[in-house]
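Good morning, colleagues. Please look at the structure as it comes up.

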Amino acid sequence: MERLANATVPPRPWPLRAASPTRAAGTGGERWSNAPFAWLDGAARRRAEAGLTRRTVPRTACDDRLDLAGNDYLGLMLHPKVVGAAAEAAHVWGAGAGGSRLVTGDTELHGELERELADFYGAEAALVFSSGYAANLAMVTALAAPDPDGDPAPLIASDRHNHASLIDAARLAKAAGARVALFDHADPDSAGKALVGSRDRSLVLSDTVFSVDGDLTDIPALARTAREHGAALLLDDAHGLGVVGPGGRGAAALAGLCGAEDVVVSVTLSKSLGSQGGAVLGPRRVVRHLVETARTFVFDTGLAPAAAGAALAALRVLREEPERADTVRARALGLAEGLRARGLEVSTPDAAVVSVMAPSPEEAVAWRGACLEAGVRVGCFRPPSVPDGRSRLRLTARATLTEAQVRHVVDVIATNRPG
Ligand SMILES: Cc1ncc(COP(=O)(O)O)c(C=O)c1O
């Protein structure tokens, strides 16, 4: 065994010295030792100089700080019915799905969740994925794929501020032959211009509620534009499900587009449903196409049973307590109004997300740190996670916050502002 290993691994061609920077003409900066990955140290240092270092920070189970950084909008992540359903599903079906849904990973639970999601959303059918990211890759790439009958790949018109998963999905579709045209954020006229000269099977791609500033795009106007050009509308309702629309039924319901034959919606199970996973909802023929062709369905292990069970239980809680959706929106508005009254530059929330502008990435990080010390956890978004290059604190309201807690959070954020 050892002889075989020695025989097949050639000696290292690069010098084994510590990676220390050496100036090199023509590179515009320093070059590092040519050991593999040594260049990463330089890239990390440049990110640090720009205030853009990112680190994971473990959360402890007994952390009692107010959390306005996570996406558990309805406070269902720790709901006893949701946690209990996750545990029961794991006991019944096992810790993992065990394989791709098409091989061994398709449990009765997956089907039950899909039927209830589709029913809640007013869609003909639903298909669940291991994440919202995977759902978006599936939705876009499968619907933008070249037609085996010879039709050329379609045009995708995509909002400039779309979530990274839609951007990556469009990039993959482009690599397979689709054309991609970006349109100005939340601007249906600009979308119309992007669609001029489009061929059959064109797609308009947009988040419903945008993840950084929490603004809801004008979906009826976007749908009109798409229809004028014979394009289908693909919506990512990750931040809309459970928060907007009647009883949290999402942005398609709010726009009166439930069950429309030219609209497909993706959602994540990881935000208002407090679980993990994603889903695509739409016409039955779309779902059938995804089952048979979407690479993130065919080649991915099915959604873990515990996540499916938790999402199903959360959906049932939302159906029983639809007022949670109204409460979370009211809390988001309360946060925005309170912070604005203290002189801060704040987005106007249409859903649960509120953004507070920071002067610089470094000050955003320090501001978040000061809030954490004061017992309030908030998010801190910096480039490249912000569409306009401006760093901000990102707060997420939740249905379980009291009005007194909202006032306290406003006070902590305003008191600890930079400068
Ligand atoms: C708008 C949007 N779409 C998709 C996703 C991806 O969802 P998931 O975290 O389930 O992969 C996110 C997650 O942050 C999101 O904000």
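This is a predicted model: local features need pLDDT of at least 70, side-chain atom pairs count only at pLDDT 80 or more; totals for chains, interfaces and linings use all residues.

P384 sits in the loop between strand 12 (376-381) and strand 13 (392-396). Helices (H or I, at least four residues) and strands (E, at least two) are DSSP runs, numbered from the N terminus. The bond that joins P383 and P384 is a cis peptide bond, with omega of about 5°. Phi of A186 is near 55°, a positive value in a residue other than glycine. For context, most residues other than glycine have a negative phi, and most peptide bonds are trans.

Residues are numbered from 1 along each chain as its sequence is written. The protein chain has a mean pLDDT (the predictor's confidence in each residue, from 0 to 100) of 92, and 93% of its residues reach 70 or more. Over residues 18-32, however, pLDDT stays under 50.

Let us turn to the domains. The assignment, which is automatic or from a database, gives domain 1 (66-76 + 322-415) and domain 2 (80-320). Their C-alpha centres lie 26 Å apart. Contact here requires C-beta atoms, placed from the backbone, within 7 Å; by that criterion, 23 residues of domain 1 are in contact with 27 residues of domain 2. On the domain 1 side, the elements that give two or more residues are helix 13 (323-341) and strand 11 (353-357). Helix 13 gives the most, with five residues.

Next, a helix pair. Helix 3 (residues 80-93) and helix 12 (residues 305-320) pack at an angle of about 145°, with their axes 7 Å apart. Axes are lines fitted to C-alpha atoms, for helices over the stretch in contact, and angles run from 0 to 180 degrees between N-to-C directions. Among the residues that meet are W93 in helix 3 and L312 in helix 12. The residues of this contact divide into 14 nonpolar, one polar and two charged. Ala, Val, Leu, Ile, Met, Phe, Trp, Tyr, Cys and Pro count as nonpolar, Asp, Glu, Lys and Arg as charged, and the others, Gly among them, as polar.

Conventions: Two residues are in contact if their C-beta atoms, placed from the backbone, lie within 7 Å.
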